[in-house]
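Hi,

Here is the structure I said I would pass on.

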Amino acid sequence: GLKSFAVNPNIQNLLLESMEDTKLIPMALDCWYTFVKNLGEQSGRILSEIFVNLVPFIKTHSALVLKVFQYLIIEQSSNSAYFMSIPFIHEIEELKQMRLIIESKIGNISIEKQLEVIVLNLSPDHSYAIKKSCLMQLRDLLRSHHDDILDIILNEQYPLLVGDLYRTLLR
């Protein structure tokens with residue numbers, strides 16, 4: 001893996017900036033692949049960031065983006081502990097195979113677990129893009145599972161989770 005994990009945000013920013021020029025996107029995506037391979041087991045720590053950064057290119061450069069994602073999900077098996085942190089994977093048709101692989105490794109994700117991931121990804125150290133994605137995920141979760149979430153809150157089944165959710169949203 002890369003020697004200093006502290007330089008990784010700079011590398012990510014450089015790769016993202018290079019992708020502003022549409023002619024450089026394929027080359028930049030190849031660099032992303034090399035970057036995540038060199039991160040090795042450390043890639044799990046920034047898995048959600050990588051997904052947020054590359055998902056916008058899935059429609060136009062799906063093969064290259066999927067190559068990066070396949071490495072992170074399939075080849076780098078130590079990342080499975082971080083799979084729950086990947087935002088909006090359910091919303092993107094091109095990621096259906098990735099979603100099935102993730103679900104097979106972590107099982108069907110309970111509402112409580114989804115709420116835990118949302119709270120985790122809304123922490124101050126995550127990017128605006130991840131926070132925005134998580135808030136949209138929370139909105140969709142509230143719409144689709146309103147009664148279940150209300151039961152979780154009112155029945156005090158998960159007091160720590162509910163407290164963390166309140167604190168996170170009020171921050």
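Let's start with helix 1: Asn10, Leu14 and Glu17 are exposed on one side of it, where exposed means over 50% relative accessible area, buried under 20% and partly exposed in between (1.4 Å probe, protein chains only). Asn8, Gln12 and Leu15 are buried in this helix, which runs over residues 8-18. Helices are DSSP runs (H or I, at least four residues), numbered from the N terminus.

Before you read on, bear in mind that this is a predicted model: local features need pLDDT of at least 70, side-chain atom pairs count only at pLDDT 80 or more, and totals for chains, interfaces and linings use all residues. Residues are numbered from 1 along each chain as its sequence is written, and side-chain values use heavy atoms, leaving out hydrogens and water.

Next, the aromatics. There are three aromatic pairs in the structure; rings of Phe, Tyr and Trp (its six-membered ring) pair if their centres lie within 6.5 Å, and planes under 30 degrees apart count as stacked, over 60 as edge-to-face and the rest as tilted. One of them is Trp32 with Phe35, edge-to-face at 5.8 Å centre to centre and 75 degrees between the planes. Both residues lie in helix 2, three residues apart, about one turn of the helix. Trp32 is buried at 0% relative accessible area, and Phe35 is buried at 6%. Another is Phe51 with Phe69, which is stacked because the ring centres are 3.8 Å apart and the planes at 5 degrees. Phe51 belongs to helix 3 and Phe69 to helix 4 (residues 62-75), so this pair ties together parts 18 residues apart in sequence.

Finally, the salt bridges (a side-chain nitrogen of Lys or Arg within 4 Å of a carboxyl oxygen of Asp or Glu). The count is three. Lys59 bridges to Glu94, with the closest N and O atoms 3.0 Å apart. Lys59 is in the loop between helix 3 and helix 4, and Glu94 in the loop between helix 4 and helix 5 (96-106), so the pair links parts 35 residues apart in sequence. Arg139 and Asp140 also form a salt bridge (3.1 Å, N to O), as do Arg167 and Asp164 (2.7 Å, N to O).

Cheers

Definitions and conventions
Helices (H or I, at least four residues) and strands (E, at least two) are DSSP runs, numbered from the N terminus.
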